[in-house]
Amino acid sequence: MKSKLTLSILALLGLSIALGVNAAGQARGMKSDSPMPNFTAMDTNSDNKVSADEFNAFKAQRMQQRASEGRQMKNVSKAATFDTLDTNGDGYIDQTECQNQPCDGSRKRGGRGQNS
């Protein structure tokens with residue numbers, strides 16, 4: 001249990017950092033060299049649903065990759081959590097839930113400082 005919590009925290013940290021770096025690069029007109037995570041990438045066993053274990057493992061792997069690239073890890077606390085994405089509470093994230101809320105934790109924004 002303790003190791004799962006640690007893994008989850010590390011995964012959230014990494015994903016938040018990756019999202020912050022990506023947002024900073026986009027603000028400067030830079031293109032991201034790696035796409036944002038999507039449902040298919042997280043659904044490692046191809047059962048059309050993402051378990052908490054799949055979600056946390058994906059986030060941890062992505063965080064480790066970003067850290068090894070020397071990217072800054074900002075906004076970790078703003079990353080989407082499994083419980084936030086599992087809107088129906090069935091213990092899995094399905095494609096509909098992933099489409100309704102970005103699985104990468106990003107938020108759609110209007111102009112500067114305006115959330116839409």
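Reader: Let's start with contacts. Of those in this chain between residues at least 6 apart in sequence, what percentage joins residues at least 24 apart?

Author: A contact means heavy atoms within 4.5 Å. In this chain, among contacts between residues at least 6 apart in sequence, 62% join residues at least 24 apart. Before we go on, a word on the source: this is a predicted model, where local features need pLDDT of at least 70 and side-chain atom pairs count only at pLDDT 80 or more, while totals for chains, interfaces and linings use all residues. Residues are numbered from 1 along each chain as its sequence is written, and side-chain values use heavy atoms, with hydrogens and water left out.

Reader: Okay, so how do I read the confidence, and what is the average pLDDT of the chain?

Author: pLDDT is the predictor's confidence in each residue, on a scale from 0 to 100. The chain averages 74, and 64% of the residues score at least 70. Residues 26-34 stay under 50, and the model gives them six contacts beyond four places in sequence. Residues 108-116 are also below 50, with five contacts beyond near neighbours in sequence.

Reader: Which elements have the lowest and the highest mean pLDDT?

Author: Elements here are DSSP runs numbered from the N terminus: helices are H or I with at least four residues, strands are E with at least two. Helix H1 (residues 2-27) has the lowest mean pLDDT, 65, while strand S1 has the highest, 95. Overall you've got five helices and two strands, in the order α-α-β-α-α-β-α along the sequence.

Reader: How do I check a helix for length, say H3: what span should its 17 residues have?

Author: Take 1.5 Å times one less than the number of residues. For H3 (residues 52-68) that gives 24 Å, and the end C-alpha atoms are 24 Å apart, so the two agree. Just after H3, Gly70 takes a positive phi of about 80°.

Reader: And which H3 residues are buried?

Author: Buried means under 20% relative accessible area, exposed over 50%, and partly exposed in between, using a 1.4 Å probe and protein chains only. The buried set in H3 includes Glu54, Phe55, Asn56, Phe58 and Arg66. Phe58 counts as buried because its relative accessibility is 13%. Its C-alpha is 9.0 Å from that of Asp43, 15 residues away in sequence. Asn56 is buried too, at 16%, and its C-alpha lies 8.5 Å from that of Lys4, 52 residues away along the chain. For the chain as a whole, buried residues make up 34% of the 116.

Reader: What about Arg71: is it buried or exposed?

Author: Arg71 counts as buried because its relative accessibility is 18%. Arg71 sits in the loop between H3 and H4, and its C-alpha is 7.6 Å from that of Ile17, 54 residues off in sequence.

Reader: Last one, pockets. How many residues line the second largest pocket?

Author: On a 1 Å grid over the protein atoms alone, a cavity is a set of points where a 1.4 Å probe fits but cannot get out; a pocket is an open set with protein on both sides within 12 Å along at least five of seven lines, and lining residues have an atom within 4 Å of a point. The second largest pocket is lined by 13 residues, and Lys4, Ser8, Ala52, Asn56 and Phe82 lie nearest its centre. H1 gives the largest share of that lining, six residues, and H1, H3 and helix H4 (82-85) each supply at least two.
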